[in-house]
Amino acid sequence: MSTMPARPNHRKNRARRIAIGAAVIVVVAGFNGPAIWRFGSEQYHDYKINKPEYKAANGHWDFLDVPSEFRINTIHAALLHTGKVLLIAGSGNNQKNFDAKKFESVLWDPQTDTFKKIPTPKDMFCAGHTQLPDGKLLVAGGTKRYEKLQGDVTKAGGLMIVHNEDPDAPKTLPAGTKFTGKKNGKTFVSKDPVLVEKAKKVFDPKTGRFLRTEAGLGRIYVEAEQSGKQYETGTEDNYRVQGLKGSDARNVYGIAQKLALDKKDFQGIKEAFEFDPVAEKYVPVDPMNEARWYPTLTTLEDGRVLSLSGLDEIGQIVPGKDEIYDPKTKTWEYTGVIRKFPTYPAIFLMDNGKLFYSGSNAGYGPADVGRDPGVWDLDTNRFTKIPGLSDPDRMETSATVMLPPAQDQKFMVIGGGGVGESEKSSEKSRLVDLKADNPRFKDGPSLDKGTRYPSASLLPDDSVLITGGSEDYRGRGGSDVLQARMYEPGTQTYKRVADPAVGRNYHSGSVLLPDGRVMIFGSDSLFSDKANTRPGVFEQRIEIYTPPYLYRDSRPEVTGGPKTVQRGDTGTFKVKSEKALKTAKLMRPSAVTHVTDVDQRSIALEMKKTADGVEITVPRNRALVPSGYYMFFVTDEAGTPSKAVWVEVP
């Protein structure tokens with residue numbers, strides 16, 4: 001059917017052509033009904049979503065043209081103060097890459113649309129990361145060993161607790177140390193060296209009288225010397241350490257529970273690095289005290305970084321032994337308190353210096369430990385639970401955002417699913433106001449479908465883009481949710497916008513770019529078909545969403561201003577704008593993985609209009625405005641944002 005516009009002198013001819021065309025379509029459809037209708041629908045859909053008025057109302061999605069040599073399994077992404085985006089795959093959830101020590105990172109420059117490979121020294125797959133006060137990116141943890149599913153495990157193994165009853169000296173046992181059971185007679189071999197602390201003498205605090213000696217402990221993963229079910233153990237046993245002599249043979253021994261052929265989880269590493277955005281390279285720093293796989297890194301009020309949770313070097317969840325990184329000394333120290341969380345917990349710095357745990361997490365850990373949301377005072381280790389959360393058993397793989405402006409201290413928790421490989425998912429959006437006298441969750445608007453792995457990005461017009469996810473675990477059964485919507489905090493409503501072309505589930509995320517667009521990456525479906533018969537393939541395509549505000553006739557332009565503004569001080573920026581200016585804000589750049597991004601926040605600024613721009617004031621509160629680099633945006637009265645300029649708050 002012709003799509004040419006009607007001409008005044010040919011209306012009858014055009015009508016005749018339309019009638020003939022319609023008749024032909026009916027006849028052909030009789031032979032090819034579904035196929036031609038589908039073709040016609042796709043053609044019309046493409047036509048519709050590319051109309052200017054549709055883009056102005058709903059935005060538009062485009063694929064990023066990534067040359068083949070730079071396509072990686074992007075699992076982590078961070079926006080740097082140079083305006084470039086660091087994409088990190090590590091081994092990319094690919095054991096062949098891990099075995100070959102093929103670890104990958106790519107730097108993308110959105111301004112020039114160029115890419116650069118970055119040498120990656122360790123497997124940063126499933127590490128944690130956060131923005132540092134000096135603009136570097138801290139990356140800590142990653143993968144030491146891939147999981148082995150039940151059926152793939154050939155050698156019985158598990159955790160060996162090594163005891164040292166010598167109060168005078170710690171003991172170091174090398175990799176390959178053999179442990180032989182006193183009852184079962186079976187021998188197991190350690191895979192790594194282990195340091196066993198010296199024993200501690202305990203005295204009565206009142207009398208000073210010696211009470212007892214508490215053995216020093218070390219934890220190590222061990223495997224049977226040979227393959228086979230006959231080498232499994234079923235009960236606890238004491239193990240003699242081969243090769244020790246004299247008092248060491250008496251003082252040092254192992255205790256293990258069941259050592260079996262069951263599933264072996266991923267194991268973490270201790271290594272940490274700072275990525276330098278100017279030198280564009282990873283720089284090693286002091287390793288963590290604990291190995292961590294799936295940790296969260298949260299910046300504290302004083303600029304130090306809290307690292308918590310994760311799976312350790314033997315594949316068990318780190319038992320609440322949190323630690324803090326000091327960017328000045330580049331060293332780690334334990335917090336001295338114990339608090340347990342599941343892996344990748346969503347923990348945000350509040351404006352009073354305390355920490356808010358939303359309950360969102362991305363996986364491993366007991367279903368009944370550390371999953372209640374609440375406010376945590378790290379100094380006292382006091383944790384105040386927040387009630388009212390709907391679907392509390394479906395918080396795994398949910399997303400959490402600090403709604404704009406950050407001064408309001410309002411948070412939204414989006415979607416989520418049941419623990420582990422559960423089929424359960426939630427369509428809920430839960431809201432909580434931490435400024436309230438007695439904070440309590442309440443339900444906001446619901447999504448159309450239960451959604452695990454939703455991505456959420458704050459936008460400079462104060463809306464939130466929520467996109468992607470899947471109804472079932474890792475997109476099983478073709479359950480990806482091909483929808484996107486804007487959340488408006490002021491009205492607490494969702495608005496559907498243009499749908500993405502690619503489904504996104506596990507190992508996906510989104511990043512706001514300095515020009516106001518949003519980059520969506522990743523997805524790691526378990527299967528590639530609805531019948532769940534073909535293994536999934538990691539989604540290497542990257543999409544860019546251009547919001548409706550970039551299809552308007554003009555946008556403000558920031559043409560000059562200071563590079564640095566102190567907290568409590570003012571800064572004057574030159575701005576060209578055809579419309580009156582409405583807002584100014586600082587937005588902290590993202591560092592996201594597994595739809596967990598505790599860095600992003602949008603801080604409203606006091607704004608006074610000047611002859612050729614605006615004068616802004618940065619809030620004094622260090623917990624509200626942590627030290628670092630921010631994107632400075634202004635918006636006009638239509639809500640159209642400028643491109644960001646980078647401002648450092650020291």
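The legends below describe close-up views of a predicted model. Residues are numbered from 1 along each chain as its sequence is written, and side-chain values use heavy atoms, with hydrogens and water left out. In this predicted model, local features need pLDDT of at least 70 and side-chain atom pairs count only at pLDDT 80 or more, while totals for chains, interfaces and linings use all residues.

**View 1. Strand 7 and its two partner strands.**
Helices (H or I, at least four residues) and strands (E, at least two) are DSSP runs, numbered from the N terminus. Two strands pair if DSSP finds at least two bridges between them. Strand 6 (residues 128-131) and strand 7 run antiparallel and are joined by four bridges; in strand 7, Leu138 is the bridge partner of Thr130. These two strands form a hairpin with five residues between them, and Gly135 in the turn has a positive phi of about 90°. Strand 7 also pairs with strand 20 (residues 272-276), in the antiparallel sense and over four bridges. Here Ala140 has Ala272 in strand 20 as its bridge partner. In a regular strand the side chains alternate between the two faces of the sheet. In strand 7 (residues 137-140), Leu137 and Val139 on one side and Leu138 and Ala140 on the other are all buried. Buried means under 20% relative accessible area, exposed over 50%, and partly exposed in between (1.4 Å probe, protein chains only).

Rings of Phe, Tyr and Trp (its six-membered ring) pair if their centres lie within 6.5 Å; planes under 30 degrees apart count as stacked, over 60 as edge-to-face and the rest as tilted. By this rule the count comes to 27 aromatic pairs. Phe125 and Tyr146 are a stacked pair, because their ring centres are 5.8 Å apart and their planes are at 25°. Phe125 is in the loop between strand 5 (114-119) and strand 6, and Tyr146 in the loop between strand 8 and strand 9, 21 residues apart. Phe125 is buried at 1% relative accessibility, and Tyr146 is buried at 5%. Trp293 and Tyr364 meet edge-to-face, with centres 5.4 Å apart and planes at 75°. Trp293 lies in the loop between strand 21 (281-285) and strand 22 (296-299), and Tyr364 in the loop between strand 27 (355-357) and strand 28 (374-377), 71 residues apart. Trp293 is buried, with a relative accessible area of 0%.

**View 2. The salt bridge of Lys263 and Glu147.**
A salt bridge is a side-chain nitrogen of Lys or Arg within 4 Å of a carboxyl oxygen of Asp or Glu. The structure holds 37 of them. In the one between Lys263 and Glu147, the closest N and O atoms are 3.2 Å apart. Lys263 lies in the loop between strand 18 (252-256) and strand 19 (267-268) and Glu147 in the loop between strand 8 (143-145) and strand 9 (157-164), so the pair ties together parts that are 116 residues apart in sequence. Lys263 is partly exposed at 34% relative accessibility, and Glu147 is partly exposed at 25%.

The side chains of Asp448 and Arg485 meet in a salt bridge (3.7 Å, N to O). Asp448 is in the loop between strand 33 (442-443) and strand 34 (455-458), and Arg485 is in strand 36 (residues 484-488), 37 residues apart. Arg485 is buried, at 6% relative accessibility. Arg485 also lies over the face of Tyr494, at 5.7 Å from the ring centre. A charge sits over a ring if NZ of Lys or CZ of Arg is within 6 Å of the ring centre and within 35 degrees of the ring normal.

**View 3. Met412 in the largest nonpolar core.**
A nonpolar core is a set of buried Ala, Val, Leu, Ile, Met, Phe, Trp, Tyr and Cys residues joined through side-chain atoms within 4.5 Å. The largest has 50 residues, of which Met412 and Met519 touch the most other members. Strand 39 (residues 518-522) gives the largest share of this core, four residues. Contact means heavy atoms within 4.5 Å; beyond four places in sequence, the residues that Met412 touches include Leu403, Leu431, Ile466, Tyr487 and Tyr494.
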